[in-house]
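Subject: Structure handover

Hello,

The structure we talked about is below, and my notes on it follow. Please read them with the structure open beside you.

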Amino acid sequence: MTLEEIRQEIDQVDDAIVALLEQRMNLVGQVVALKKLTGTAVLDSKREDVIFARVADKVKNKDYKETVVATFSDILKRSREFQNQNIS
């Protein structure tokens, strides 16, 4: 495979990731509405711990585990920021 072919495949994966992240953020928007209604705090450390454990367990190539979990850490951080901006 050439570098250009690999990059094209990466672009396809990136497109899928963007679509899934947008879908996730749509759901986060629903979480915001429910948290506003119930007065629930944005940060749920126990939920995040469960997510990290689940994600780490799903990584098939353990060489990627740290990177994938760190990526999810950033996703959750950005999700909390979005919630904080929209819950007030």
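A contact here means heavy atoms within 4.5 Å. Among contacts in the protein chain between residues at least 6 apart in sequence, 67% join residues at least 24 apart.

Two remarks on the basis of the numbers. This is a predicted model, in which local features need pLDDT of at least 70, side-chain atom pairs count only at pLDDT 80 or more, and totals for chains, interfaces and linings use all residues. Residues are numbered from 1 along each chain as its sequence is written, and side-chain values use heavy atoms, with hydrogens and water left out.

Overall picture

The protein chain has three helices and zero strands, in the order α-α-α from the N terminus. Helices (H or I, at least four residues) and strands (E, at least two) are DSSP runs, numbered from the N terminus. The C-alpha trace spans about 55 × 25 × 15 Å along its principal axes.

Buried residues make up 15% of the 88 residues. Buried means under 20% relative accessible area, exposed over 50%, and partly exposed in between (1.4 Å probe, protein chains only). The chain exposes about 7,100 Å², with carbon and sulfur atoms supplying 55% of it; accessible areas come from the Shrake-Rupley method with a 1.4 Å probe, and for residues only the protein chains shown count as cover.

There are 14 positive and 15 negative side chains, and the centres of the two sets lie 10 Å apart. Lys and Arg count as positive and Asp and Glu as negative, while His and the chain ends are not counted. Each charge is placed at NZ of Lys, CZ of Arg, CG of Asp or CD of Glu.

The helices

Helix H1 covers residues 3-38; its 36 residues should span 52 Å at 1.5 Å a residue, and its end C-alpha atoms are 51 Å apart, which agrees. The expected span is 1.5 Å times one less than the number of residues in the helix. Val28, Val32 and Lys35 are buried in H1, and the buried residues of H1 pack against helix H3 (65-87). Just after H1, Gly39 takes a positive phi of about 70°.

For H3, 23 residues should span 33 Å, and the end C-alpha atoms are 32 Å apart, which agrees. Its buried residues are Ile75, Leu76, Ser79 and Gln83. What covers the buried residues of H3 includes H1 and helix H2 (45-58).

Three residues to look at

Arg24 is in H1 and is partly exposed, at a relative accessible area of 24%. Leaving out residues up to four places away in sequence, Arg24 touches Ile51, Ile75, Leu76 and Ser79. Arg24 and Ser79 are 55 residues apart along the chain, with C-alpha atoms separated by 9.2 Å.

Leu3, also in H1, counts as exposed at 51% relative accessibility. Leu3 and Lys35 are 32 residues apart in sequence and 46 Å apart in space, C-alpha to C-alpha.

Lys60 sits in the loop between H2 and H3 and counts as exposed at 83% relative accessibility. The C-alpha atoms of Lys60 and Val18, 42 residues apart along the chain, are separated by 22 Å.

Regards
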